[in-house]
Amino acid sequence: LAITEFEKALTIDDEDVASRSGLCDAHLALGDAAQQKGRTKDAILSYQRVLAINAEHLEARGRMAELSRQRAEKALTNGRDEEALSAFAEALKFTPEERALIERSEKVRAEKNAKVMAELIARSGKEAGARNWDKAIETLNAALRIAPGDESILSRIESIKQSQLREQLDGIL
């Protein structure tokens with residue numbers, strides 16, 4: 001009911017600050033009530049309505065960031081790293097200077113990169129063990145794209161190249 005009345009007032013005067021503020025507050029309260037009842041989608045719609053009225057509304061931006069952060073943490077719990085990183089990025093669009101959110105997002109990205117690096121190094125070791133030198137080097141080059149200039153990867157590449165060269169020389173001899 002309050003929303004309808006504020007909308008009527010805004011049809012009369014679109015610049016009425018009190019009506020705009022009241023409409024934002026009403027949508028914010030509606031979103032909070034939906035959130036408390038576990039109706040996240042309804043809450044998001046209400047907060048988006050606030051942001052459509054006032055894109056800089058701090059409370060609505062904070063609530064949207066929190067919902068995105070919660071979605072990110074849930075995705076992490078379920079082992080969906082990419083989805084989590086995407087949700088963290090979305091949260092940061094709403095609160096780009098929130099230090100705790102930035103740090104959490106960076107930590108998750110670093111952990112994901114470490115997992116990917118470990119997988120690539122292990123795969124390269126298997127390829128080298130099977131004497132698939134080019135595939136082993138190719139896999140390590142993929143790791144270098146994640147961690148450019150990483151000395152341990154560069155030394156592994158050099159070691160594999162040496163092994164490949166020894167094998168070629170042995171074949172010639």
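Residue Q164 is located in helix α8 (residues 151–172), helices (H or I, at least four residues) being DSSP runs numbered from the N terminus. The model is predicted, so local features need pLDDT of at least 70 and side-chain atom pairs count only at pLDDT 80 or more, while totals for chains, interfaces and linings use all residues. Residues are numbered from 1 along each chain as its sequence is written, and side-chain values use heavy atoms, with hydrogens and water left out.

Q164 has a relative accessible area of 17% and is therefore buried (under 20% relative accessible area, with a 1.4 Å probe and protein chains only). Leaving aside residues up to four places away in sequence, Q164 touches W133, D134 and I137, contact meaning heavy atoms within 4.5 Å.

Helix α7 (residues 133–146) packs with helix α6 (residues 99–129) at an angle of about 165°, and their axes are 8 Å apart. Axes are lines fitted to C-alpha atoms over the stretch in contact, and angles run from 0 to 180 degrees between N-to-C directions. The two helices α6 and α7 are therefore roughly antiparallel (an angle over 145 degrees). On the α6 side the contact involves N113, V116, M117, L120, I121, R123, S124, E127 and A128, and on the α7 side W133, K135, A136, T139, L140, A142, A143 and I146. Eleven of the residues in this contact are nonpolar, three polar and three charged (Ala, Val, Leu, Ile, Met, Phe, Trp, Tyr, Cys and Pro count as nonpolar, Asp, Glu, Lys and Arg as charged, and the others, Gly among them, as polar).

In helix α2, the buried residues include S19, G22, L23 and C24. Just after α2, G38 takes a positive phi of about 80°.

Key. Parallel < 35°, antiparallel > 145°, perpendicular 65-115°, else oblique. Buried < 20%, exposed > 50% of the residue type's maximum accessible area, 1.4 Å probe, protein only.
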